[in-house]
Every structure is written in C-alpha cells, then in structure tokens.
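Look over the structure first, then work through the points below.

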Amino acid sequence: MIAAAPPVLDQGCASAPVLRERGQREVFCGLTGIVWLHRKMPDAFFLVVGSRTCAHLLQSAAGVMIFAEPRFATAIIEERDLAGLADANEELDRVVRRLLARRPEIRTLFLVGSCPSEVIKLDLARAAQRLAGAFLPDVRIVNYSGSGIETTFTQGEDACLASLVPFMPEAAAGAEPELLIVGALPDIVEDQLLRLVRDLGIARVACLPARESRALPSVGPNTRFLLAQPFLGDTAQALEDRGAVHLSAPFPFGAEGTTDWLHAAARAFGIDEMHFRSVVAPGRERAKRALEHSRAQLEGKRIFFLPDSQLELPLARFLHRELGMVPVEVGTPYLHRAHMAPELAQLPEATVISEGQDVDRQLDRVRASRPDITVCGLGLANPLEAEGFTTKWAIELVFSPIHGFDQAGDLAELFARPIRRRDVLRV
Amino acid sequence: MQLSVWTYEGPPHIGAMRVATGMRDVHYLLHAPQGDTYADLLFTMIERRGKRPPVTYTTFQARDLGKDTAELFQSAARDAVARFQPAAMLVGASCTAELIQDDPAGMAQAMRLDIPVIPLELPSYSRKENWGASETFYQIVRALAVGDSSRPAPCQAGSPRPKANLLGPSALGFRHRDDIVEIAKILTALGVEINVTAPLGASAADIARIGEADFNIVLYPEIADTAARWLERQFRQPFTKTIPIGHGATIDFIHEVARLAGVDPAPALDMAEARMPWWSRSVDSTYLTGKRVFIFGDATHAIAAARVARDELGFVVCGLGCYNREFARDLRAAAAEHGVEPLITDDHLEVEEAIAAAHPELVLGTQMERHIAKRLSIPCAVISAPVHVQDFPARHSPQMGFEGANVLFDSWVHPLVMGLEEHLLTMFRDDFEFHDGAGASHLHASAPKAVPLPDQGGARGGCEPQGEPATAAAANPPPTPPLAGRGAMEGELLERTLWTAEAEAELKKIPFFVRGKARRNTERFAEERGLTTISLETLYDAKAHYAR
Ligand code: SF4
Ligand code: SF4
C-alpha cells in the first residue's frame, strides 16, 4: 500500500514540545495576500482601507506588478478622516462609488481592513452591507481583515477565503458527496490536481477560490474538503461550521506528499485501492525522477526555517523525507496542531519546532547551529548572506507553482539553486 | 481618503529609517504592528545592504492592544539597547501606533536609559517620507550637536583650513553614495576639509561636532534643509544653495563653496574629466536640439534636470513637476522660468495625463514615469527617487559634479535614437534594411526579419509597400491597428476623427519612430479644429503647424 504509513524512522514530532517565542517578528502582514489573490480572481478588486504605510507595503511587495493596471488599491486614511467616523464612512462610500464607476468589469469588491482601520474601529462589515444595497446584484461587496495586528502574511488568504464561505450556496440536503479543494493555487497546478482527482473517479469536485469570484461552489454536510495550503485554519472552521468535513492529510508537496493528499480523498470517496495506485503511479514516478536532479546537492544538508508563511512544516517534511535533508529548526508564525499533525508525525525527533518569533534570538540560534541553508524573508536574506550563510528567500515559495507531482522537481530546485550558486561562485 | 495604487513617497517613519540606517551607531525603536517590518527589505533588497537596518519594531498584535503595551515597548527598548549598544536611540510610532496613543517618547524617557533618547513626532496621516527624513535628521542634530551658540561665527573667509559639513545623503537615496565621492573631489581640489558627512556614514559623535565646521553644504534639501537652517541660527554656519547637478550648476557650486570658504575656485574649475560640454557641442548631438522633454521627480532633481536639459543639451522643457509639496514654491519658480505650467501632485494618474498631453520626445522622471513612458512608447531616463534596484548600480554613477554631468549626458541621450541612425533611417526609409519593421540596429532582439522588398508587393512582416496606389484603398479605409502604447486619450480622439485612406497611407511613409508623434499631432490638430476627417491636407497642415 502506498505511503499510508511512512517507514518508522523515529517517533516523529507529533507531540513535540514547541518553542513559543514572542518578541520582534520579522514577517509580512496579511495584506500581502492580495498580491497573489487578485491574480487568482480576475474579476475581483481588493480595496485596502488603510494608511500610506499599507499602500507602500503593497507597492513594495507587488514590485513590478503594480504597473500592470492592478486590481488592488489603497484608500489612504487622511487626517480629516480621523476627525470623525461619520466622515470616514462617507469618504469610503465616495471612493467605492468612484472606483466601481471606473471599473465596471469588477464583480466582487473586497474591502480589506488594515491595522489603522481596525484601531479606529471603522466598521468595514457595515460598510460592505451599506454599499451592497447600492451595487447588488452587479457587484458583491465582501469584507475581511489583512491587518498586521491580526494576520501574518498568508493568513490574509485565510481571512479572504473565510469571508467568502458565507456567500457559498447551500448544497441540497440529499446531494451527492462533493470534493472541495481549498486554497489559491496557480491555474496550471489546480488543473493538474483536478485531472488527477477526476481520473480517480471523483466527478463532483470544485475549488475555493473559484476562478470566477461569483461562481462560488456550494457547501453542505456532503462536502468533503482537502486543504491545498496549510494556512487555512479559519476557512476550514467556517466550512466545518457549514457542515463540511475536513479530510486530514499531509500537504501536496513532493511525490509522497501529493500521493498521501490524493489518498485522503480517494479513501473518503471509496475509491478502489488498485485504481488509486494506477492513477497516481505515473505522476509519482515522474516526481521521483525529477527529484533525483537535486538530491546530490541537498542530501544530508541542514536546513533552518524562519517563520513566514506556515508552509515551513510541510516543506521541511518534504525536504527531509524525499531529499534527505536534516531540519534543524522549523519556525512557523502559527501552528495549527490538527492540520499539522500528519506533517509533524513525519519530521525527525530532533527537530526544534518553534512558533512565533523573537527575531534576534532566533538569528542567534541560526548563527550557533550554522545550517547549510536558511529559509527566511527578504529583510534577513542579504544580511545573513553577508555573514556567510546561504539563504533561500521564502516569499518565492508562495509565488511559485510548487504543489503536486509535476512541480516537485522545481520545488527541490528552489532549495538546490542557492547551494549550487554558493559552490560555483569564485568571487 | 485618497485612492492610491502607487505612492511616490512612503510614510514618514520610512524617512526616519533612511536616516537611522544611513548612520552608524544610532538605533531606532519603532512602535509598530507586526507586519511593518516589510520596510527592512527596501534597504536589504533595493539598496542591497548586507546588514539589517538598525530598527527594532515592537511588533504588537491585536491581543496586545487591550493590555499594557508600555511593557512590550519597554522590554523591546531594553533588549535593543543591550544587544546593539547604540550611542543614541530614536523612538517613535508608525501610523498604527500613532492611533493607539501610547506615548513612545514618554515611555522611553521614563526608563532613564543612559544614552540620549531622541523622540520623533512624525504625523503619519498628513506627512510623508521626505518630511520624516528631514524632521528626524533635524531632531538628531538638535539633540546631539554641542557647541556654544553664542560663540563668534566660525572663522569663514581666510580660515587656514576651512571645514564644511556635507548634509543630506542618506540610506536609500538616489545616487547619494556616488555623489558624495564627486563632491569630496571638488572639496579636496579647493582645499576644504570635510568635517562631517551626515546622516550617511555619521556616528552620534560625528553629529556632536557638527558645529565645528565653517559652513554647510546642503546636497539634498529634502533631507537637510531644516537641519541646515537650524545650524545657521545656532552656530552661524551659512549653507550652500546651489545643487551641483549638471555642468553649469557644478561651476556655480564651486564658486559658492569657494566664496564661503574664502579660497580660490580655480583648482576645482578645470577638472579634467568634464567631458559633457564637448560631447554636447559635437555635431552628433545637433539632432538633440529642441527635443521636447517632460521632467518629473523630487523638486531638487527635477529643477536641476530642467536647467541641464535646456542649457546643456539644448532640449525644450515641455513639462516640469514634483511630488513633494514642501518644495512646491521652488518648483513653481523654475516652471515659470521655463514657461511651463508647474505640476505639483503625488497622483501618478495626473502625471500620466500631463505627459500624454505634452507629447514629449523624452521623459525624465522616477521609476513611475519610466513605466508611464513605456506605456506611451516614449524614451525615458530616471533622474529621481523612487527608483528600483537597477538604479542602485554597482558601478560609480553620480549625478553631481563633473562626472555626474558626464553620467547625465550618457544616460539621457542613450534612450533616444542615435542621431546618425536617425538620419540614415530617414534617408533610406524605402531601403529594405531600413523599412518600418526592421527596428533599430542597436536592439539585437529586434534584428531585421526577412521581409519582401517593396517592389515584390508583399504586405507581410510589417512592411507596407510604399508604392501602393492611394486611390485603390481610398474607398475602403484600412482599420487603424491598435498600436502598442497608445493611450486612452488617443483612443477617444480616434473615435471622433477618421483618417482617409490616402492620409493613412501617407502617414505610413513617415519613419516609424516619429510616426506616433505625427499621428498624435495630426489628431490633436484635427480635434482642435473640429475636423471629422483627416485628409492628406490635414496631415500636412498639422505638420506645418507643429513645425519648429
Ligand atoms: S520530540 Fe517528538 S517524539 Fe520526541 S517526545 Fe517530542 S514529540 Fe515525542
Ligand atoms: S502591518 Fe498594518 S499598518 Fe502595516 S502595512 Fe500591514 S495592515 Fe498596514
């Protein structure tokens, strides 16, 4: 049977003590999620209600993309908006009206909360309701918060998707079981996974987010959902509140991870084991072959993850199980015990799992443990390189296609390349 | 509320970070939510620094808000002082902390740290990055500069070893690193000693002895003006007003510095590497004469660029603007001198409209104008922040001094089609190698494709047969293809005007690199006269109208 129970190397870290730290956190806020979410939902617009800082963050994170007529913007709160909330509400309505008049193709408008809007208690949920009256049915107006005080980086996607769950239509009571794949994936990856799922014989399958923001899939007690991304705690909860059932699985990274992830769906839908094996075998073998290219560079290398996206634990598991890397410390901004249980079980016992951050202390641990490669944000990468450490900047892992069988080789290459570069440079 | 996709300036605490990061032993404790650390990557990525900015963020989260954030703040302060052992500490709030009304200054002062603590009040909802940098530098100078304000003015003229401070360069400054090198060369030639360069590279102790200089050299008024004015009052240090960007301005600057230092300007005036005047007078540059240039950036760089454009390259300034209101008055004066409407705005859409309306042949601006120009298919060079990573180059590339003038010449002329090439293209426009689809020879990516010769009558590959009889097509005017880079404004014009086939065919005979302008000019001409069709006559009437 395929990889249902990994060979017992050690106990794994399923109940590992977690190093919980607090102090300075070197992380993005959830607003950053807009940068990839707006690509995934081409008929949606993301309007941040925030400060010049929020606009500046988006522009810094979006880089060059900002110039391609983007579907996001910031309504920058100014001094006079702070004087009275009534005025701020009026101003917001004015901005929204102007925006929607100029962009008639928009079908969903997200009003995205920020730290300043949360702190002054500007009620964006109310604003969404107020404006809905004027714009439905043409435009749906949805609200979530991507503020730094509430969300870290990819949690912005979680908040966004969770805000869509109440708008999902109710699945008919006696409806046939349907599979829902949750989490924004690049279209090409989504198509690959959908093909595999359909080849398994699961005909009724949908994705959240949907490519058309208004064509949301239905949800109900007959919905079974797989998380494609590890940072979707609130979305999962919202789906469960509507009766959907979460299928626990490792995340679909690498040959094994993807197999196990598909296996969870196959079992839930009663797919014949032999059939399952024959469907996944070609992709799985391709993935394994692709991984061989990077194995020589990565095997035995020690890796240190600083917290960033919550992808750290599944990626550490992938690199450890499928490429023989040794995780030293795996930091995550937030640890969802239940969703991470299948991952934790496959990490070696000696791994330090840390949640939260005190960045200076964590950097001391990087320096003391001298890993071969350190996964970290762009604010830390060059400074660590200057100290002689090889780094992999973490954001690329969120923007690149890395899930599924046919991206496994690319994913390994993302980690192998900095090491190879370190070895080839003679300057 | 202001709807914004792109901002020319960050919030004021980014300006404070630029000052702190430029200095050596000053630490900045910023009361800010988790997430505001994104700003670090501006310094580590765009400027490619190998060290983290000296900034500790308290990174509070929602769950901290109800509680005592003072505790969080104070432990962050203690840790930062213990770990980094700075000589002085800046404390302040980002936009969110400003709203929760903690009092960073009060909290830090209550701790009685044994280093100077400089509180920063940076109003995030009304001010921006440059203001933040300026205010921070001023507060640092005020707090740390020691000296007797009642002492006589520093011995200026005739001082045996005149000393000057270089004020303004900071982290994340456009070419600040290299400008300092050029200015230092000039000062060395003049025999003027640099007392302190600040904030870039300065320590707290350097700031303490800033009053020992005879005068100040203000390189970037956006950052140094406030501090320089205070130093003038406090220590009677006069400061320079000329920004040494461009050949002429560099000469004026040398005279101004020599006067303040009481030395002979001659040794600095004939520096060997001043090639820009000859390059500009050489015959290859003749075609630059009268090129229409649109200039936008921070006020200092924009005003300086306008002078260089007109006086040193023979361009015509057809638009001049800046995004920083603090220097709007200076910009208005410069715009008046060039006879154009000043454009003072931080709304990039307004800038885009102004550029489209001015029909320039070259745009000098920021990263943003580079993208606007690309969209409108107009050549462009970058003269001012905000800029991207490629404008923090590895090679020496100042904007100031004589070498800076050389750099300006090269980088502004480069995007324009080279003069000789322009002539060849015009003369041989019917030649198969110079046909419209061939592209410029210096662009390898667009090397000429195999294209049928005109007399073969083929119409593929972008080569319109020149001999096409106009009458044959007249009955059925060809649809106007949507040319890359044509803005919405032209689209609107086109809806109301119609090219006759004859005029359209004639237009195609004009070389491709000036055709877009000819089309725009003609359409504007027709629009202004309320013409509903554009005939051959309209085309040539317009040409006569716009002839220079
Ligand atoms: S390290 Fe892992 S296996 Fe060991 S005690 Fe902790 S949880 Fe259990
Ligand atoms: S952390 Fe808060 S204030 Fe900063 S950019 Fe994010 S939402 Fe805006």
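A:T74 sits in strand 3 (residues 72-76) of chain A. Helices (H or I, at least four residues) and strands (E, at least two) are DSSP runs, numbered from the N terminus. This is a predicted model: local features need pLDDT of at least 70, side-chain atom pairs count only at pLDDT 80 or more, and totals for chains, interfaces and linings use all residues. Residues are numbered from 1 along each chain as its sequence is written, chains are lettered from A and ligands numbered from 1 in the order in which they are written, and side-chain values use heavy atoms, with hydrogens and water left out.

**Around A:T74**

- A:T74 counts as buried, because its relative accessibility is 1%. Buried means under 20% relative accessible area, exposed over 50%, and partly exposed in between (1.4 Å probe, protein chains only).
- Neighbours within four places in sequence are set aside here; the contacts of A:T74 then include A:L47, A:V48 and A:G50 in chain A, and B:Q2, B:L3 and B:S4 in chain B. Contact means heavy atoms within 4.5 Å.

- An open sheet of 5 strands has the order 5(A)-4(A)-2(A)-3(A)-1(B), with mixed pairing. Two strands pair if DSSP finds at least two bridges between them.
- Which strands form the edges? They are strand 5 (140-145) of chain A and strand 1 (2-4) of chain B, each pairing on one side only.
- On average, neighbouring strands of this sheet are turned by 25° against each other, direction ignored. Axes are lines fitted to C-alpha atoms, for helices over the stretch in contact, and angles run from 0 to 180 degrees between N-to-C directions.
- Strand 2 (residues 44-50) and strand 4 (residues 108-113) of chain A are joined in the parallel sense by 6 bridges. A:F45 is opposite A:L109 in strand 4 of chain A.
- Helix 6 (residues 124-135) of chain A lies across strand 2, strand 4 and strand 5 of chain A, at about 170° to strand 5 of chain A.
- Helix 7 (residues 155-164) of chain A lies across strand 2, strand 4 and strand 5 of chain A, at about 140° to strand 5 of chain A.

**Two crossing helices in chain A**

- The axes of helix 12 (residues 312-323) and helix 17 (residues 408-424) of chain A come within 12 Å and cross at roughly 100°.
- That angle makes helix 12 of chain A roughly perpendicular to helix 17 of chain A. Angles under 35 degrees count as roughly parallel, over 145 as roughly antiparallel, 65 to 115 as roughly perpendicular and the rest as oblique.
- A:L315, A:F318, A:L319 and A:L323 of helix 12 meet A:A408, A:L411, A:A412 and A:F415 of helix 17.
- This contact of helix 12 with helix 17 of chain A has 8 nonpolar, no polar and no charged residues. Ala, Val, Leu, Ile, Met, Phe, Trp, Tyr, Cys and Pro count as nonpolar, Asp, Glu, Lys and Arg as charged, and the others, Gly among them, as polar.

**Salt bridges**

- How many salt bridges are there over all chains? The structure holds 54. A salt bridge is a side-chain nitrogen of Lys or Arg within 4 Å of a carboxyl oxygen of Asp or Glu.
- A:E26 and B:R52 form a salt bridge, with their closest N and O atoms 4.0 Å apart. A:E26 lies in the loop between strand 1 (18-22) and helix 1 (34-40) of chain A, and B:R52 in the loop between helix 2 (40-46) and strand 3 (55-57) of chain B, so the pair joins two chains.
- A:D360 also forms a salt bridge with B:R52 (2.9 Å, N to O). A:D360 lies in helix 14 (residues 359-369) of chain A and B:R52 in that loop of chain B, so this pair joins two chains. A:D360 and B:R52 are both buried.
- A:K40, A:D187, A:E190, A:D191 and A:R211 are linked in a salt-bridge network.

**Chain B**

- Chain B has 24 helices and 15 strands. Of its 548 residues, 57% count as buried.
- An open sheet in chain B has 4 strands in the order 3-2-4-5, with parallel pairing.
- Both faces of strand 8 (residues 215-218) of chain B are covered: B:F215 and B:I217 on one side, and B:N216 and B:V218 on the other, are all buried.
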